[in-house]
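Hi everyone, thanks for having me.

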Amino acid sequence: MNGPVALPQQQFARGVPSEFEALCPPPQLLPGENIDDYHAIQAAIFRDLAPQSTIEWLLAIDIAELSWEMQRYRVLRHRVLNTYRQQAIEMTLRRVDLAGIAPEFQDVAEIYTINNALDWQMDASAALDIEARLRSYGFDQHAISMETYVQAREILVLFESLLTAAQLRRLTMLKEIHILQRSRAARCGQNASGKANQRYLNASDKS
């Protein structure tokens with residue numbers, strides 16, 4: 001199965017009081033993602049936010065989910081860059097190997113270049129030889145990285161928009177939960193002050 005993996009409720013609702021477990025949906029993990037990493041992020045956020053009311057728990061759960069999504073985007077972005085690095089190697093090899101090739105040999109040279117790029121991806125020894133040859137033509141790792149970002153520029157814009165949107169949503173929810181907690185603290189302070197005054201009045205009446 002290559003789709004998201006949903007875990008049973010009892011396997012993931014760690015750190016959530018039993019009365020709020022129904023608010024916490026099973027995590028939709030992608031293949032290769034670690035449930036322990038998910039729980040670690042979730043537990044750290046619950047510990048810092050210390051939600052108490054139902055609304056606070058709803059917000060805390062959503063904040064944890066958004067934080068996991070952002071972690072996922074960063075991991076996937078890195079993997080995408082590794083994929084596009086092969087394309088960058090291929091493009092750089094074209095500049096080196098196809099320069100001055102007669103038109104009748106272009107197709108054969110193209111196939112040779114593609115195979116070399118695949119060898120770079122699959123064979124560590126071949127990768128060292130190819131990178132050494134590219135360095136001899138002035139294409140070091142920085143030049144390859146620059147070509148990687150050029151090749152991946154559109155997908156990087158997508159990831160940037162996903163990360164920015166998730167960050168903005170998370171900030172909004174953090175503000176909401178802090179407002180709720182300050183309001184609750186203020187009410188508790190008022191109740192404590194009222195009870196203290198009542199005790200003082202009761203004591204005065206007895207005296």
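Before we start, one term: a crossing of two helices is left-handed if the near helix is turned anticlockwise from the far one by less than a right angle, and right-handed if clockwise. Keep in mind, too, that this is a predicted model.

Okay, the overall layout. We've got 6 helices and 2 strands, and reading along the sequence the order is β-β-α-α-α-α-α-α. The chain has 207 residues, and 30% of them count as buried. If you take contacts between residues at least 6 apart in sequence, 68% join residues at least 24 apart.

Now, a pair of helices. Two packed helices are described by the angle between their axes and the distance between the axes. So how do α1 and α2 cross? Helix α1 covers residues 35-49 and helix α2 residues 54-97; their axes come within 9 Å and cross at roughly 140°. Roughly antiparallel would need an angle over 145 degrees, so α1 and α2 count as oblique to each other. And the crossing of α1 and α2 is right-handed.

Which residues meet there? On the α1 side they include Ile-41, Ile-45 and Phe-46, and on the α2 side Trp-57, Ile-61 and Trp-68 are among them. The residues of that contact split into 11 nonpolar, 3 polar and 2 charged.

Last stop: Ala-165, which sits in helix α6, residues 153-206.

Methods:
Residues are numbered from 1 along each chain as its sequence is written. This is a predicted model: local features need pLDDT of at least 70, side-chain atom pairs count only at pLDDT 80 or more; totals for chains, interfaces and linings use all residues. Side-chain values use heavy atoms; hydrogens and water are left out. Helices (H or I, at least four residues) and strands (E, at least two) are DSSP runs, numbered from the N terminus. Buried means under 20% relative accessible area, exposed over 50%, partly exposed in between (1.4 Å probe, protein chains only). Contact means heavy atoms within 4.5 Å. Axes are lines fitted to C-alpha atoms, for helices over the stretch in contact, and angles run from 0 to 180 degrees between N-to-C directions. Angles under 35 degrees count as roughly parallel, over 145 as roughly antiparallel, 65 to 115 as roughly perpendicular and the rest as oblique. Ala, Val, Leu, Ile, Met, Phe, Trp, Tyr, Cys and Pro count as nonpolar, Asp, Glu, Lys and Arg as charged, and the others, Gly among them, as polar.
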